[in-house]
Structure formats: C-alpha cells, structure tokens
Amino acid sequence: MASKFINITLKIWRQKNSQAKGSMETYQLDHVSTDSSFLEMLDQLNEQLISERKEPIAFDHDCREGICGMCSLYINGRAHGPDTGITTCQLHMRMFKDGDTIYVEPWRSAAFPVIKDLVVDRSAFDRIQQAGGFVSVNTSGRTIDANSIPVPKTDADKAFEAAACIGCGACVATCKNGSAMLFVGAKVSQYALLPQGKVEAKNRVLNMVRQMDEEGFGNCTNTGACEIECPKGISLENIARMNREFLSAAISSEN
Amino acid sequence: MSNSAILSSSIAKKYWMALTGLFLCLFLVGHLLGNLQLIFVTGEEGKRTFNEYAYFMTHNPFVKVLSYVTYLSILFHAIDGFLLTIKNNKARPVPYAYNNPGANSSTPSRYMALLGSLILVFIVTHMANFWWKMKFSSDPMPLHQVVVANPQSGAEETFYITHTGDYIPTSAFDGEGEMPAAMEVRNGTEFFLKEVNLKRGEGYKDLHSVVLSFFGQDKTKDGVPEKNEMALFAVIFYVTAMMVLAFHLWHGFASAFQSLGLNHRAYNKMIRVAGQTFAIIVPALFAIIPILLFMNK
Ligand code: HEM
Ligand code: SF4
Ligand code: FES
C-alpha cells in the first residue's frame with residue numbers, strides 16, 4: 001500500500017501541571033505519513049514544537065505495541081480513537097483524512113488527575129490492585145507448582161481472557177459515569193475463576209470494590225461503552241461475575 | 001465491613017436499583033391488566049367492573065401490602081438513582097471538549113436519570129389526578145349510580161348501588177319542599193337513614209366516571225353538559241409519559257439482569273429481546289387507554 005501524506009489540525013489539551021488550569025490549544029501539522037502510528041505523529045509534532053523552541057506535549061507511552069497500557073488519549077471523542085480493539089499506539093494515521101481536525105484529550109476522571117498535558121495519574125488502579133488483586137503464597141520453599149492443580153479448561157480460558165486487561169483505563173475514560181467496573185471486574189474474575197484465587201475470593205472482592213468506591217470512580221449503568229472501547233475485549237460478563245462475587249461475599253463474609 | 005458493604009457500596013446500590021426496577025416492571029403488568037378493563041369492558045358493565053375492582057384494590061389487605069411495597073420501591077429506586085447519579089457526575093468533574101458517546105452506547109442508556117426523573121414527575125401528577133382523589137381528597141368522590149326504568153310507570157329513576165347489591169334511590173337524599181331528606185351520605189361512601197341513625201349500606205366510589213371524564217367525556221354540571229377542555233392536554237401528557245417509560249425500560253429491563261449478575265451467553269439475547277418487547281408493548285397498551293377513551297367520548 002502506497003503511503004500517503006496528510007495535513008492535519010490538532011486540538012490538544014495543554015496543562016502545565018496538576019494545579020494549573022489547562023486549555024485546548026490548536027496546532028497545524030503538515031506532511032504526516034498515513035503509515036505512522038498516532039504516537040509517531042505526536043512525536044513529529046513534538047519535534048516541530050522543539051524546533052520552534054516551544055514546550056513539547058507530554059503524553060504517556062511505553063511498549064508501543066499494545067501490551068503495556070500506558071498510552072491513553074481520548075481522540076475525537078473516543079478512548080484510543082476511532083477504531084476498536086486497539087490501544088493508541090496501535091492506531092494509525094490512515095484512519096484520518098487530509099484536512100481533518102483531531103481532538104486529543106487526557107482521560108477525564110476524578111480518580112485520574114492530570115499530571116501534565118495528556119498524562120494522567122492512574123495509581124488509583126494500583127491501589128485497587130493492592131487492596132486484593134493478588135494471591136498470597138507462602139515462600140516456604142515447598143510451594144506447590146501451580147500446574148499441579150487441575151483447572152477446568154473453560155475456567156482457565158475465562159481467567160486468561162480476564163487477565164488480558166492491561167490496566168489502561170480506557171473503560172473509565174469512555175464510561176459516562178467514570179466507572180472502573182470493567183477493570184475491577186476483570187481483576188476480580190481472573191482470580192475468582194482459578195482454584196488458587198478462591199481461597200481469598202471473599203475478602204478480595206469486598207476490599208477491591210471498597211477501594212474502587214473510595215477512589216471516586218462512578219457507578220456502572222450498563223451502557224456497555226467500556227466493553228466496546230476496551231483494547232483487550234474484556235467482556236461485561238466480568239462485571240456480572242464481580243457483582244455475583246460481591247453479593248455472596250457481602251452476605252456471607254466472616255469479617 | 002460486610003455490613004456496610006451491603007448497604008453503601010456501589011454494587012449494593014446497583015442490586016437495589018435492579019430489584020426495585022424489576023419489581024416496578026411487575027407492578028406495571030398488574031396495573032396495566034387492571035386498567036385495560038377500561039377499554040375492554042364497556043358501558044354499565046364496565047363501570048360496575050371497574051369500580052368494584054377499584055374498591056378491591058383499595059381494601060384487600062394483600063393488595064394493600066403490595067401497594068405499600070410499590071410506593072417504597074418507587075421511593076427507593078428514585079433516591080438510590082439520584083445518589084448513584086450524583087456520584088457519577090462527580091466522577092467526571094472536567095467534561096471532554098469533544099465527545100462521541102453515540103459510538104459505543106445506546107441513547108436511552110445514557111439518559112436513565114433524566115428519563116427516570118421525568119417518570120417521577122409523571123407518577124406524582126398521575127397520583128394527584130386519581131389516587132389522591134380516591135383516597136384523601138376533601139371534595140367527595142362521586143358515587144356509583146345507575147339509571148333504572150321503573151317497570152310500572154316506565155319513568156327513569158337513579159339509584160346508588162351498595163356492596164350488598166341493594167339499590168337505594170338517589171331521591172332519598174334530596175329533601176322535597178318542607179320535607180327534609182330521609183338519608184344522607186356519611187364518610188364519603190356510607191348511606192345512613194338520618195332519623196334512626198342506621199347504616200343502610202355502602203356505595204362504590206365512581207372512579208370509572210372520574211377517569212372517563214378526565215380523558216374526554218364531557219362532564220355534566222347541574223345537568224348541563226360542560227366541555228372538558230383539559231382532556232386533550234391530559235391525553236397528550238399521558239401518552240408522552242408512556243414514551244418516556246418505554247425508553248427507560250428499553251435499556252433498564254435488560255440492564256437490571258446484568259446488575260444482578262445474570263449474564264450468560266445462553267440467555268443474554270433472550271433477556272434483551274424480552275426487555276425491548278416489554279418496553280414497547282407495556283407502555284403502548286397503557287397509552288392506548290387514554291387515546292381510546294378520548295376518541296370514544
Ligand atoms: C414504573 C417506573 C419505573 C420502572 C419500571 C423502572 C425500571 C428500571 C429498571 C429495570 C432499571 C434498571 C436497573 C439496573 O440497571 O440495575 C432502572 C434504572 C434506573 N432508573 Fe428506573 N424505573 C422506574 C422509575 C424510575 C424513577 C421514578 C426514577 C428516578 C427518579 C428512575 C431512575 C432510574 C435510574 C437513574 C436508573 C439507572 C440506574 C443505574 O443503572 O444505576 N426510575 N429503572
Ligand atoms: S478493562 Fe480494558 S479498558 Fe479497562 S483497563 Fe482493562 S484493558 Fe483497559
Ligand atoms: S504504549 Fe504500551 S500499550 Fe500503547
């Protein structure tokens with residue numbers, strides 16, 4: 001496929017730091033290859049800004065191959081831009097046309113405060129994870145090999161699908177309620193489905209949900225937007241499973 | 001922890017939302033079946049059936065309990081809904097400059113709180129229109145009357161019907177010249193022989209006529225027919241409210257199952273289809289009632 005070059009207008013959120021009041025700024029960027037990824041396009045814009053002795057735009061990224069979850073960005077009104085099942089690093093400029101105006105904003109959530117420009121603080125997810133998203137294993141030296149515990153194939157598959165969540169936060173960003181239930185549902189499910197995770201299942205779901213509420217995420221109204229925008233195709237089934245786990249834990253937990 | 005979780009956690013609130021929402025769906029079915037009598041049973045028989053039904057619904061102890069559960073559900077559903085919505089709005093203090101939510105969610109699903117609030121406005125108005133009149137209003141409800149031709153003279157006479165099936169001529173309640181009336185109505189529905197202070201029977205509140213005149217039938221005031229100017233407005237208001245309800249249920253019905261944790265490939269589609277069918281049929285049948293009453297006035 002022959003590569004093409006397009007000229008675009010960008011409207012990008014600029015914010016000096018977490019305290020500053022930000023605003024949308026307009027940039028013109030010419031000669032963007034349609035083969036470049038969205039992040040490469042931002043690199044190109046930053047080079048232009050640096051050559052103009054202006055402050056480059058801060059944005060998150062790491063692996064640039066869709067596995068780390070760092071690259072966020074709300075592009076033209078959608079998390080990770082106008083395509084489904086991808087992260088922003090997997091979004092390509094061929095999705096845009098010459099002369100397009102592209103809006104780029106950070107994830108908007110009370111629980112994800114903006115640090116600078118397009119970078120948000122997603123440590124709320126870490127704290128939810130720390131509240132219960134783990135399996136306690138004693139390092140006795142006689143730890144049983146995980147593979148020696150039989151796991152039904154369907155459970156293993158479902159746990160694996162849930163564990164595919166990369167913690168990117170697109171679900172929160174796209175949800176009209178800023179709800180983190182797809183993320184927490186995935187994290188609860190990935191353990192609840194496995195025998196190793198069942199031991200601590202009750203406290204896990206109660207603690208993770210409590211932490212989720214404390215971080216200021218909203219409540220799910222089952223619009224289903226998260227499932228569609230999730231780059232890893234995490235299913236709403238995981239939210240339903242979390243709700244079931246929560247109910248049984250809440251009415252029967254010992255503490 | 002578990003105690004507070006079951007009351008205050010976001011997921012517990014969702015369970016309450018879903019349970020009250022589905023209970024209200026059941027209520028809708030019952031209410032609809034009762035109301036459909038208004039169009040399926042016509043004439044004198046319709047009036048009789050409906051007023052007896054209304055009496056049953058306000059006096060049967062089981063129905064009474066059910067109706068209190070319904071009031072509580074509406075209250076709880078609305079308060080819970082407002083609490084959830086407040087938290088949801090706080091969760092995104094800075095809105096997106098450019099947002100395209102239509103790309104990943106249905107419109108009704110994003111306006112549940114607005115649709116619900118409109119339904120609440122409707123419920124309050126609706127109760128003021130009929131329920132309040134039936135139960136509390138200080139100006140007494142009309143009582144069920146029938147006109148019967150006297151077999152001897154052929155002259156038409158008006159009677160009140162009592163629960164025991166007796167007919168009491170309405171003329172007994174009017175004095176004539178010097179003569180004071182022999183009977184009077186006490187406590188809204190009880191027929192008393194004035195002189196001896198004896199209860200002769202109890203009448204039915206004529207909710208049927210109140211409803212019919214609300215939606216179109218011209219009233220008669222002191223024997224003179226009076227045009228009901230408000231009827232068209234009432235019909236439009238009720239039909240609009242049913243459209244709002246349809247949108248609320250379009251998303252709400254299936255959503256409630258997801259909230260309850262019932263999500264499975266085997267039945268997801270069935271629930272969605274059943275919910276959307278319910279969301280169209282139930283409000284549509286409700287809406288047909290005022291339309292037909294208005295057209296057949
Ligand atoms: C007959 C009347 C009503 C019926 C049958 C009904 C039914 C439902 C159902 C089944 C749901 C889905 C629950 C869930 O997603 O878990 C729902 C959601 C909702 N309802 Fe209603 N509702 C009614 C009236 C109201 C009223 C009066 C209000 C508010 C004033 C309201 C506000 C809401 C809100 C905000 C939601 C979304 C909440 C959420 O998903 O978290 N509804 N309703
Ligand atoms: S559930 Fe999907 S959208 Fe949400 S954090 Fe995980 S990978 Fe990202
Ligand atoms: S940079 Fe790692 S997922 Fe995009």
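Author: A residue counts as buried when its relative accessible area is under 20%, as exposed when over 50%, and as partly exposed in between, with a 1.4 Å probe and protein chains only. Before we start: this is a predicted model, where local features need pLDDT of at least 70, side-chain atom pairs count only at pLDDT 80 or more, and totals for chains, interfaces and linings use all residues. Residues are numbered from 1 along each chain as written, chains are lettered from A and ligands numbered from 1 in written order, and side-chain values use heavy atoms, without hydrogens and water.

Reader: OK, what makes helix H7 of chain B "mostly covered"?

Author: Six of the eight residues in H7(B), which spans 207-214, are buried. They are Leu207(B), His208(B), Val210(B), Val211(B), Leu212(B) and Ser213(B). "Helix" here is a DSSP run of H or I with at least four residues, numbered from the N terminus. Just after H7(B), Gly216(B) takes a positive phi of about 145 degrees.

Reader: Why is the pair Glu237(A) and Arg265(B) called a salt bridge?

Author: The term needs a side-chain nitrogen of Lys or Arg within 4 Å of a carboxyl oxygen of Asp or Glu. Glu237(A) and Arg265(B) come in at 3.7 Å, N to O, so the pair qualifies. The count between chain B and chain A is one.

Reader: How do you know which residues take part in the contact of the two chains?

Author: Contact means heavy atoms within 4.5 Å, and that picks out 37 residues from chain B and 52 from chain A. The buried area, meaning the accessible area (1.4 Å probe) lost on putting the two parts together, summed over both, is about 3700 Å². Carbon and sulfur atoms give 55% of that.

Reader: What makes Ser255(B) a polar contact of ligand 1?

Author: A polar contact is a pair of N or O atoms within 3.5 Å. An N or O atom in the side chain of Ser255(B) is 2.4 Å from an oxygen atom of ligand 1, so it passes. A polar side-chain atom of Ser259(B) sits 2.6 Å from a ligand 1 oxygen, while for His77(B) it's 2.8 Å to a ligand 1 nitrogen.

Reader: And where does ligand 1 lie?

Author: Between chains A and B. H2(B) gives the most to its shell, with seven residues.

Reader: What surrounds ligand 2?

Author: There are 13 residues around ligand 2, and the closest include Cys165(A), Cys168(A) and Cys230(A). "Near" here requires a heavy atom within 4 Å.

Key
Helices (H or I, at least four residues) and strands (E, at least two) are DSSP runs, numbered from the N terminus. A polar contact is a pair of N or O atoms within 3.5 Å; within protein, one must be able to donate a hydrogen and the other to accept it, and residues adjacent in sequence count only if both atoms are side-chain atoms.
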